[in-house]
Amino acid sequence: MTTLLIAEHDNKSLKDATAKALTAATALGGDVHVLVAGKDCGAVAQAAAKLKGVAKVLVADAAPYEHMLAEPVAALIVSLAQQYDAIVAPATTTGKNFMPRVAALLDVMQISDIVKVIAPDTFERLIYAGNAVQTVKSKDAKKVITVRTSTFQAAPEEGAAPVETIGAVADPAVSSFVGEELSKSERPELTSARIIISGGRAMQSRDNFTKYIEPVADKLGAAVGASRAAVDAGYAPNDWQVGQTGKVVAPELYIAVGISGCRLWARGGPLQGLAGTHGRTGQGEGLTLASYR
């Protein structure tokens, strides 16, 4: 069995999600090839080649792949699909954009957001807001899989795989990149941060986030998160939202301040370390889930 893993990157650096998805891909058995599609992405390919478990890195360096638009990337993956038994990608915003198109073009069912590999054709995934675990067995000859990376350890950098350049395929030319507005921060990215401090509705204002949450984050070198209630109230920007309807995270330490009803909030990832505090009563559900109190 040979698996094609689609690398998550920004054309400059390889994202941690790729190393975690690689762990899931290697659990399928057989060789794993990593596809790096982008523009001027040579450094990304070299980083992917260093990951343990990678047999080969394929590089498609061309303008249509610079922004990982779903149509040209899906066309590229489908052109390579005949050689592979499984196609895997992290269940990120980017992966969720092109993988359903790949599955449709190959006429197979996508296996979404897996949290465990039981066998090459059998997987576990969360349903009902994480309250139940579903075991899925696929009968498709070719598997198209997205991985919830927060449940897998990152593969170490112990490899030295060969890097092979491949040509671009015809661009379907049904979409074009117009622009993007990205928030800039010197703090770690939420999805890969080792330490996260999040605030909830009990913070009561944006000023309190600035006064209490952000200074602690800067002291600890932590990322800043927020509950959906805090985001909806305008206390924090959308890209800080953590939980079932926000970003999936798996920090070593999660500090929750003023977050109640956190059963849904905790669906954002398995909490290996958690300090829970409730802003008003001291009885928040975060305390019942906490490893550190």
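Reply: Two strands pair if DSSP finds at least two bridges between them, the strands (E, at least two residues) and helices (H or I, at least four) being DSSP runs numbered from the N terminus. This is a predicted model, where local features need pLDDT of at least 70 and side-chain atom pairs pLDDT 80 or more, while totals for chains, interfaces and linings use all residues. Residues are numbered from 1 along each chain as its sequence is written, and side-chain values use heavy atoms, with hydrogens and water left out.

Me: Ok, which residue in β11 is the bridge partner of I196?
Reply: I196 has A223 as its bridge partner in β11, and the strands involved, β10 (residues 195-199) and β11, pair in the parallel sense over 4 bridges.

Me: How many helices and strands are in the chain?
Reply: The chain has 8 helices and 13 strands, and buried residues make up 45% of its 293 residues. Among contacts (heavy atoms within 4.5 Å) with a separation of 6 or more, 65% join residues 24 or more positions apart.

Me: What's the strand order in the 9-stranded sheet?
Reply: That open sheet runs β7-β6-β5-β8-β4-β1-β2-β3-β9, with mixed pairing, and its edge strands, each pairing on one side only, are β7 (132-137) and β9. Within this sheet order, β2 sits next to β3, and these two pair in the parallel sense over 7 bridges, with V57 of β3 as the bridge partner of V34.

Me: Where does α2 pack?
Reply: The buried residues of α2 pack against β2 (31-38), β3 (54-61) and β9 (163-165).

Me: Which residues of α2 are buried, and why do they line one face?
Reply: In α2 (residues 42-49) the buried ones are V44, A45, A48 and A49. Seen down the axis of α2, they fall within an arc of 140 degrees, so they line one face of the helix; the arc is taken from the directions from the helix axis to the C-beta atoms.

Me: Switching to the largest nonpolar core, who touches the most other members?
Reply: Of its 31 residues, V34, V36, V57, I145 and V147 touch the most other members, a core being a set of buried Ala, Val, Leu, Ile, Met, Phe, Trp, Tyr and Cys residues joined through side-chain atoms within 4.5 Å. Elements that each supply at least two residues of this core include β2, α2, β3 and β8 (143-147), and the largest share, 5 residues, comes from α1.

Me: What does I145 touch?
Reply: Leaving out residues up to four places away in sequence, I145 touches L28, I87, V88, A89, M99, I111, I114 and F123. There is also a second, separate core of 26 residues, which includes L35, A60, A89 and V108.

Me: How many aromatic pairs?
Reply: The count comes to 1, for ring centres within 6.5 Å, using the six-membered ring of Trp, with planes under 30 degrees apart called stacked, over 60 edge-to-face and the rest tilted. The pair is F209 with W240, tilted, at 6.2 Å centre to centre and 40 degrees between the planes. Both F209 and W240 are buried. F209 lies in α5 (residues 206-220) and W240 in the loop between α6 (228-232) and β12 (253-257), so the pair ties together parts that are 31 residues apart in sequence.

Definitions and conventions: Buried < 20%, exposed > 50% of the residue type's maximum accessible area, 1.4 Å probe, protein only.
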